[in-house]
Amino acid sequence: MNERDHPAVRQEPWAGPPIVELRGVHLEFEGKPILRHLNLRVERKQRMVIMGQSGAGKSTLLRLILGILQPSAGSILFQGRNLNHASRREVNESRIKMGMVYQSSALISSLTVRDNLALPLEELTHKRRAEIDRIVEEKLALVGMEETGPLLPNELSGGMRKRVAIARALVLEPELLLFDEPTTGLDPVLSSVIDELIISLTDKAHTTSIIVTHELSSAFHIATRIAMLFQGRIIEEDRPERFRASHNPVVEQFIEGRTEGPIH
Amino acid sequence: MNDLLPQAVAEPIRMIGGMVYLAVDTVRETLDHVFRGHIPFRPSLFFGQADRAGVGSVPLVALISFFMGLTMALLTGYQLRKFGTQNLVPGLVGIGFSRELGPLMTGIMVAARIGAAYTAELGTMTASEEVEAMEAMGIGPLRFLVAPRALAVFLLLPCLSVVSNLAALAGGALVCQKQFGISYLYFASLVMENLIARDIIAGVLKSFLFGLIIGLISCYKGLTVRGGASGVGTATTSSVVSAIAVVIAADTLFNIGMVMIYE
């Protein structure tokens, strides 16, 4: 059976046009397959959580959507535009509509927090200084980091860096937010703060989010849909409550955290 | 051995290919940004790098060149005095430095001082995903990071070569005045008498070439770092060694070319 027709991947009949669609995406590194003819649709305003083992290719999936990696086969569509066949300029235009929050935060270490946020606005828009300053202050306030503007990234804690990274991802008002392990390494309270922030962004700003994580509590709290990546394929994709009740042995083992099962 | 030989050949070819791709891609990314109605990069980025690569290197280049000019005049002077031809020393120092040693020594010093810094800096940014984050935001990292650095070292190396030449001449003049009784003014006139435009042009062209080589190698090595902190260290060493070796090789090829054209 074609993977696109698999019941776990099939979309709700009422679903609108997808903001991101991966069709038969296959990716190999040095002859080793990472993703195998993977299909995934992410609808607008969804919070799609992608779960899977470490090294399963979850972060790679985000890099493919950003156009940083090119698939060996298959196509990646963002707002209907095939990024594989797009010019550099078109890919950059698409990237401006996306915001990425890295696991390591990836703030520019030589720039202050304020300059980190101002950078995309200065480089990619024709906005005036006053407007840039206003947007920077607004986004810092949104993540509760107003006081950190003059600080350098290495003067912030891990959680603060993560929140600044979210603020940076928001400055260009993206339509799609990509989060790579947003709560990894954070204490439970801060994790909840980040989770709530992600939820409020989708609800208030009507942003679509793709969140890569293997923190189950966060995943079930945030997600409107959850996909399970295993051996390079999406083996289950559903609403959180149905995903939790799945009888797929891989999903069951992953949720229960058992050592015995198909996941080695 | 069979495995080593292709690797030994493949690695330099891969590096040259990567550097050409880096240069072309940097120009393309920069032009693309200009066509979108922006300036290529912030002037402050370029001037910051120019200050670091150029002004910051002046003391080192001047000091080393001064001592080299001094030593060159001293050693050649004592030999030439035996034949009563110590008046050739100013011309020797002048031609030697403007055409050969000035650009070459400056290239080596800049490769060690600035090339290493560029590689370490870009390597650290690559390892901590900062470069990728820029790309993900749609900010061309080549335009933003490579273009101002490469341009600064490309444009500033000839200026540093001039500093090197002047410092070496000062060292040579000092020795000639103290040891061989050649006054400063006579030294200057002998230098002017012996130097021809071709020597100066050759030195300037070489300096531009060396600047381009150092800029591209150091940025390429930095952007292709793999393996975190140890990878940055390895890349930095490799960058300095490669840049110095390529600068010397390019110098030799340039000299052969000049001899074939003019002699």
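The model is predicted, so local features need pLDDT of at least 70 and side-chain atom pairs count only at pLDDT 80 or more, while totals for chains, interfaces and linings use all residues. Residues are numbered from 1 along each chain as its sequence is written, and chains are lettered from A and ligands numbered from 1 in the order in which they are written.

**Chain B as a whole**

- Chain B has nine helices and zero strands, where helices (H or I, at least four residues) and strands (E, at least two) are DSSP runs numbered from the N terminus.
- Read along the sequence, the pattern of chain B is α-α-α-α-α-α-α-α-α.
- The C-alpha trace of chain B spans about 70 × 50 × 35 Å along its principal axes.
- Chain B has 263 residues, and 47% of them count as buried; a buried residue has 20 or more other C-beta atoms within 10 Å of its own, with C-beta atoms placed from the backbone.
- Among contacts in chain B with a separation of 6 or more, 87% come from residues 24 or more positions apart; two residues are in contact if their C-beta atoms, placed from the backbone, lie within 7 Å.

**Where chain B meets chain A**

- Here, 17 residues of chain A are in contact with eleven residues of chain B.
- Helix H5 (residues 130–137) of chain B gives the most to the side of chain B that touches chain A, with six residues.
- That side of chain B has four nonpolar, two polar and five charged residues; Ala, Val, Leu, Ile, Met, Phe, Trp, Tyr, Cys and Pro count as nonpolar, Asp, Glu, Lys and Arg as charged, and the others, Gly among them, as polar.

**Two packed helices in chain B**

- Helix H2 (residues 43–53) and helix H6 (residues 141–179) of chain B pack at an angle of about 45°, with their axes 8 Å apart.
- H2(B) and H6(B) are therefore oblique to each other.
- On the H2(B) side, the contact is made by B:Leu45, B:Phe46, B:Gln49, B:Ala50 and B:Ala53.
- The H6(B) side brings B:Pro148, B:Arg149, B:Leu151, B:Ala152, B:Val153 and B:Leu156.
- By class, this contact has nine nonpolar, one polar and one charged residues.

**A helix in chain A**

- Helix H1 (residues 58–65) of chain A is largely enclosed by the rest of the structure, because six of its eight residues are buried.
- The buried residues of H1(A) are A:Lys58, A:Thr60, A:Leu61, A:Leu62, A:Leu64 and A:Ile65.
- Just after H1(A), A:Gly67 takes a positive phi of about 80°.

Technical notes: Axes fitted to C-alpha atoms, helices over the stretch in contact; angles between N-to-C directions. Parallel < 35°, antiparallel > 145°, perpendicular 65-115°, else oblique. Buried ≥ 20, exposed ≤ 12 C-beta atoms within 10 Å, placed from the backbone.
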